[in-house]
Amino acid sequence: MTFFDKLNTAIARNDSLLFLGLDPNPEMMPQHKTGDIIEDLWTWLQFLIAQTANLVCAYKPTLGFYEALGSRGLELLEQTLAAIPSDIPIILDAKHSDLNTSTTFARTVFQNWQVDALTINGYAGQDHAASFLVHPDKAVFVLCCTSNPGAIALQQYPQHESPFYLHLAKEAKTWGTPEQLGFEVGTSSPEVFSQIRAIAPERLILARSIWAEGGNVNQLLTAGLNANGNGLLIPVPQDILSQDNPAKEIYSLCQKVNQIRTENVREESNCSVWLPDVCLLDKHPHFDLILQLYDIECILFGDFVQASGATFSYYIDLRKIISNPQVFHQILLAYADILKNLNFERIAGIPYGSLPTATGLSLHLNKPMIFPRKEVKAHGTRRLIEGLFYPGETVVVVDDILISGKSAMEGAAKLESAGLNVEDIVVFIDHEQGVKDRLHQNGYRAHSVLTLSEITETLYKAGRINDEQLKAFEESC
């Protein structure tokens, strides 16, 4: 089960958006009993888990508190992680920020410690996040904004109207899917929540510092919750944890939060389980991937001349995906789901757009790759087909977009001229202009990950495109 699914299941089961910080902070512990600080902290943490397992949707241990206790502290962390019920997700608050150790650290926390999600510092950029996002069932929360007074000069730079934290949010949301990447936001300002929610309506926000004295919690939650009363993970106040019966206070808090959620749900939201703005019961299997393609500007609007010579009011540029490892990885997996059901000895990419995809699939499926040249050079080997192959082998052709089918059929013809068999052509997007039938008439079976109508319908439902843009897509089909 992915972090996202595990979290939503816990939210629905406990009817709670609250998360609990499991921090071995001696200053917060009610009292010492044994004289052994580690033993006392362990007893207290077990008590908190027992009191709250049916009241929270996640636990968030802060790595720094455990590290401060030395080697016994790390042993305490492993004990605590093991004590958390397996059906409640664990978000390790690490604020990891070192690119050099990210791969090793990701393997430790996700594989050895079985943590479900992690907080990271986004300043190191996409390369840093990618080390964690390659674990498909896990998630990261990028530190976007903090309530530390000393951070104001940095976070509000260069000016209040366009602060750095908003630029970070806009950039970081292109690094991973909504199911894998959210934001950590520490603030007592409804304005901050509103700005981030406007930029990333479908992202999870891990809230911090919302219980500051004098803060308006109702306004904060209203600004942070999405249109369906979800999308915001809310911390249990630390002062509750030192009480003899914290469950009573936490239950009351949960009821208060749920009342605010109910008041802020749009009238048209009538599904009990939601991903922001899209009912999970109707969600497209590649919903997250479609939104990511839009966010990294693989879908553009304007007047564009296609390779076929036709002019469209939009353009799909899939060449950008090679610069985004997370999205590229998702696309390869989507192709692979089709390819694994086909019979072939080699993979052939069509120059130039699909060569990176064919290379990635070759590595992922452990199948050798070849490709037909776009043009034959007058020097060197003058080969029409690059790579090792044997006549009589079956080759699957991989292309990016199917508009007229010309490039795919030309490539297949070159392969067949060398004695190879081509039965299947697999593309990422089918423009649905009857090209699959045309390929079938020429002896090829055509397969696509997505159709243009699936993309447009998903983007429209998610609020990414308006009526005019939807019409531009529909008129081209």
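A residue is called buried when its relative accessible area is under 20%, exposed when it is over 50%, and partly exposed in between (1.4 Å probe, protein chains only). The model described here is predicted: local features need pLDDT of at least 70, side-chain atom pairs count only at pLDDT 80 or more, and totals for chains, interfaces and linings use all residues. Residues are numbered from 1 along each chain as its sequence is written, and side-chain values use heavy atoms, with hydrogens and water left out.

Helices (H or I, at least four residues) and strands (E, at least two) are DSSP runs, numbered from the N terminus. Four of the five residues of β4 are buried, so the strand is largely enclosed by the rest of the structure. Strands are said to pair if DSSP finds at least two bridges between them. On this basis β4 pairs with β3 (residues 91-96) in the parallel sense, over three bridges; H96 has I120 of β4 as its bridge partner. From β3 the chain passes through α5 to β4 in a right-handed β-α-β crossover. Right-handed means that, with the strands pointing away from the viewer, the path from the first strand over the helix to the second runs clockwise.

Strand β4 also runs parallel to β5 (residues 139-145), joined to it by five bridges. Here T119 stands opposite F141 in β5. The crossover from β4 through α6 to β5 is again a β-α-β unit and is right-handed.

The aromatic contacts come next. Rings of Phe, Tyr and Trp (its six-membered ring) pair if their centres lie within 6.5 Å; planes under 30 degrees apart count as stacked, over 60 as edge-to-face and the rest as tilted. The whole structure contains four aromatic pairs. One of them is F110 with F132, edge-to-face at 6.3 Å centre to centre and 85° between the planes. Because F110 belongs to helix α5 (residues 102-112) and F132 to helix α6 (residues 126-133), this pair ties together parts that are 22 residues apart in sequence. F110 is buried, at 2% relative accessible area, and F132 is buried at 1%.

Another pair, Y123 with F164, is tilted, with 6.5 Å between centres and 55° between planes. Y123 is exposed at 71% relative accessibility, whereas F164 is partly exposed at 33%.

A further ring contact involves a charge, which sits over a ring if NZ of Lys or CZ of Arg is within 6 Å of the ring centre and within 35 degrees of the ring normal. The charged end of K367 is placed this way over F344, 5.0 Å from the ring centre.
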